[in-house]
Amino acid sequence: MNKIVIVMPTYKEKENIEKMIPELFEKQFPSIKDAEMHLLIVNDLPYKGPDDGTGDVVRKYMSNYSRLHILEGKKEGLGWAYVRGIKYAVNKLQADAIIEMDADFQHPPRFVRPMVEAYLGGADYVIGSRYIKGGSVPSEWAIHRKAISFFGNLFIRIILLKPSIHDLTTGFRLTRVRGVLDKIKLENLMELKRFAYKVDLLYQSIKNSKKVVEVPLEFAPRAQESSKFSMKEMLATFKVAIILGIKDKERFIKYAIVGFVGYVINAIGLEIFYRLGFAAGLAAALGAEFAIISNFILNNFWTFKDEKIVDFKRALLKFAQFNFSSFGAVIIQGVVVGIGTVLFGNSVRQVMLVIAIGFFVIPYNYAMYNLFIWKTWKIPFFARIQKMLG
Ligand code: GDD
Ligand code: MN
């Protein structure tokens, strides 16, 4: 049977945990027939000042419930609490899946079951989502709090290019261990001292998952004590999202920079050769060739450094192909500017050039490099041509 461990971090949650443990073991777990449910409390103790005795409450219950576990340590922040908890659940308890869940009843325990059902139905990653039908944020929340949560979440969705997922900041999630969680280096997640690590963990988990399912979550108001979330936490969350967003597009960004350098070289070359007495057309062509050489070298050693071409003979072959592919871009420009000016008159030529480069040449070159020059895209349809080109 599948073993599922709920990893529940607590920091000064005595009154909540007192109710949460029996609620899960008496009411919720008995209704889940097809999985063995465990609860692991990861309790943090304050560095200074009195401890509220959350751990004692847990230990008291442990004599009644054999599937209740506790890990205790000094407070290092929410992310680290989860890292310790998840490792323990995977290595010591041999969990098949883990659930991240808050102790303060903001994740109402009745939502555990649908989450487990989605997992048993084949999901690798299940997200308790406040922003799909059936999900909600507390109606008590002031309008500004709702707006911050909604737009913050929308911002991260756009940055990470994950429009299909509606709640990227939720703290209530289930993750399959094999193939998903066990491929993630938990200590390397960003911002482990804070809540913001959540976005990184979600991002890595989605990457490893074949099937992601969102189930509705009615996010409840806090039952006891006070929230540990703050403005600082929110900014850290945005930071993580931005870094992830950029990292993912790193190759494309480098390609764009190299392209811009190429353009500058092209322009300078045109000027120099023109002033040396070459005809303008020939000067432009010479400038273009220098840009092509610079693009090839910079892309080889920087943009595509993971697929770097080092063999000299192969470099010559690839450089020839690179020139041929660049010639394709020349044709694209000619066709687009030609058609545009025939349709709308010669005055649109500069606009058409921008359109040709922005919409056609940039994606064309990027695709050619990835497909045929450095061959980072493995697309079965092109496999034979890729092989033929060496
Ligand atoms: N062990 C440990 N260590 N637990 C912690 C720590 C810590 O440093 N900080 C918070 N917790 C525990 C709390 O005791 C609670 O069980 C849970 O983590 C969530 O903390 P809250 O303080 O209740 O956070 P929140 O309700 O403001 O934030 C919720 O919404 C965020 C945004 O949607 C959480 O669900 C977050 O996970 C979520 O990102
Ligand atoms: Mn809370």
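These legends accompany several close-up views of a predicted model.

The model is predicted, with local features needing pLDDT of at least 70, side-chain atom pairs counting only at pLDDT 80 or more, and totals for chains, interfaces and linings using all residues. Residues are numbered from 1 along each chain as its sequence is written, chains are lettered from A and ligands numbered from 1 in the order in which they are written, and side-chain values use heavy atoms, with hydrogens and water left out.

**View 1. Helices H1 and H2 pack against each other.**
Here you can see H1 (residues 14-28) and H2 (residues 54-62), whose axes are 9 Å apart and meet at an angle of about 20°. Helices are DSSP runs of H or I with at least four residues, strands are runs of E with at least two, and both are numbered from the N terminus. Axes are lines fitted to C-alpha atoms, for helices over the stretch in contact, and angles run from 0 to 180 degrees between N-to-C directions. The two helices are therefore roughly parallel (angles under 35 degrees; over 145 is roughly antiparallel, 65 to 115 roughly perpendicular and the rest oblique). Their crossing is right-handed, which is to say that the near helix is turned clockwise from the far one by less than a right angle. On the H1 side, look for Lys14, Ile17, Glu18, Ile21 and Pro22; on the H2 side, for Thr54, Val57, Val58, Lys60 and Tyr61. Contact means heavy atoms within 4.5 Å. Sorted by class, the residues of this contact are 6 nonpolar, 1 polar and 3 charged (Ala, Val, Leu, Ile, Met, Phe, Trp, Tyr, Cys and Pro are nonpolar, Asp, Glu, Lys and Arg charged, and the others, Gly among them, polar).

**View 2. The side chain of Asp124 meets the backbone of Lys210 and Lys211.**
Asp124 belongs to the loop between helix H4 (112-120) and strand E5 (125-129), and is buried at 12% relative accessible area. A polar atom of its side chain lies 3.0 Å from the backbone nitrogen of Lys210, while the side chain of Asp124 reaches that of Lys211 at 2.9 Å. Other contacts of Asp124 beyond four places in sequence include Leu174, Thr175, Arg176, Val180 and Ser209.

**View 3. Val213 sits in strand E7.**
This residue of E7 (residues 212-216) is partly exposed, at 21% relative accessibility. Val213 touches Ala118, Ala123, Tyr125, Val126 and Ile127, leaving out residues up to four places away in sequence.

**View 4. Gln94 and Phe105 have positive phi values.**
Gln94, which is not a glycine, has a phi of about 55°. Gln94 lies in the loop between helix H3 (78-92) and strand E4 (97-100), and is exposed at 55% relative accessibility. Phe105, in the loop between E4 and H4, has a phi near 65°.

Note on methods:
Buried < 20%, exposed > 50% of the residue type's maximum accessible area, 1.4 Å probe, protein only. Polar contact = N/O pair within 3.5 Å; in protein donor to acceptor, adjacent residues only side chain to side chain.
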